[in-house]
Amino acid sequence: MNIQIFGTSKCFDTQKAQRYFKERGIKFQMIDLKEKGMSRGEFDNVARALGGWEALVNPAAKDKQTLALLDALVDWQKEDKLFENQQLFKTPIVRNGRKATVGYQPEIWKDWE
């Protein structure tokens, strides 16, 4: 199992996800989106695993202006704008190879063990 957790250190659900894997002795790699961000390849793979980039959007994101801009764009521009503005991601994004989840989803993670 090769777990990656994309999130921020201040996100409560990201902290819960880290605790979930620590308690089970499962090694994971934490990627702070404020420090490093997701590569284009990782973004594309996660979006594919989730059935589309739309699942990554957090409608409650603090950056309301960029969120409104995302809504106003033409469909083919939205994915690129979301990649450029990763602060709009819902977190945590947990990835295990070709599988991925968004948000705190222990019921799915237990099937990965």
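In this predicted model, helix H2 meets helix H4 through a defined set of residues. From H2 come Arg-40, Phe-43 and Asp-44. From H4 come Glu-79, Asp-80, Leu-82 and Phe-83. By class, the contact of H2 with H4 has three nonpolar and four charged residues, and no polar ones.

The geometry of this pair can be stated briefly. H2 covers residues 40-50 and H4 covers residues 75-84. Their axes come within 11 Å and cross at roughly 125°. That angle makes H2 oblique to H4. The crossing is right-handed.

**The sheet**

Four strands form an open sheet in the order S2-S1-S3-S4, and the pairing is mixed. Which strands stand at the edges? Strand S2 (28-32) and strand S4 (99-102) do. Each has a single partner strand, so one side of each is left without a neighbour in the sheet. From one strand to the next, the twist averages 15°.

| Pair | Direction | Bridges | Residues standing opposite |
|---|---|---|---|
| S1 and S2 | parallel | five | Ile-3 and Phe-28 |
| S1 and S3 | antiparallel | four | Ile-5 and Val-94 |
| S3 and S4 | antiparallel | four | Asn-96 and Lys-99 |

Helix H1 (residues 12-23) touches S1, S2 and strand S3 (93-96). The direction of H1 makes about 160° with that of S1. H2 touches S1, S3 and S4. The direction of H2 makes about 80° with that of S4.

S3 and S4 form a hairpin with two residues between the strands. Gly-97 in this hairpin takes a positive phi near 65°.

**Strand S1 and its neighbours**

Strand S1 spans residues 3-7. How many of its five residues are buried? Five of the five are, so S1 is largely enclosed by the rest of the structure. In a regular strand the side chains alternate between the two faces of the sheet. In S1, Ile-3, Ile-5 and Gly-7 point one way. Gln-4 and Phe-6 point the other way.

Strand S3 is also covered on both faces. Ile-93 and Arg-95 are buried on one side. Val-94 and Asn-96 are buried on the other.

**Two glutamines**

Gln-4 lies in strand S1. Its relative accessibility is 11%, so Gln-4 counts as buried. Which residues does Gln-4 contact, leaving aside its neighbours within four places in sequence? They are Gln-29, Ile-31, Glu-42, Ile-93, Val-94 and Arg-95. The C-alpha atoms of Gln-4 and Thr-101 are separated by 11 Å. Those two residues are 97 residues apart along the chain.

Gln-18 is found in helix H1. Is Gln-18 buried or exposed? At 17% relative accessibility, Gln-18 counts as buried, because the cut-off is under 20%. Leaving aside neighbours within four places in sequence, Gln-18 is in contact with Ile-5, Phe-28 and Met-30. Ile-5 also stands opposite Val-94 in S3. Phe-28 stands opposite Ile-3.

**Phe-89 in the loop**

Phe-89 lies in the loop between H4 and S3. At 4% relative accessibility, Phe-89 counts as buried. Where are its contacts beyond four places in sequence? Phe-89 is in contact with Leu-33, Met-38, Phe-43, Leu-56, Asn-58 and Leu-82. The C-alpha atoms of Phe-89 and Ala-68 are separated by 14 Å. Along the chain, Phe-89 and Ala-68 are 21 residues apart.

Terms used. Residues are numbered from 1 along each chain as its sequence is written. This is a predicted model: local features need pLDDT of at least 70, side-chain atom pairs count only at pLDDT 80 or more; totals for chains, interfaces and linings use all residues. Side-chain values use heavy atoms; hydrogens and water are left out. Axes are lines fitted to C-alpha atoms, for helices over the stretch in contact, and angles run from 0 to 180 degrees between N-to-C directions. Angles under 35 degrees count as roughly parallel, over 145 as roughly antiparallel, 65 to 115 as roughly perpendicular and the rest as oblique. A crossing is left-handed if the near helix is turned anticlockwise from the far one by less than a right angle, and right-handed if clockwise. Contact means heavy atoms within 4.5 Å. Ala, Val, Leu, Ile, Met, Phe, Trp, Tyr, Cys and Pro count as nonpolar, Asp, Glu, Lys and Arg as charged, and the others, Gly among them, as polar. Two strands pair if DSSP finds at least two bridges between them. Buried means under 20% relative accessible area, exposed over 50%, partly exposed in between (1.4 Å probe, protein chains only).
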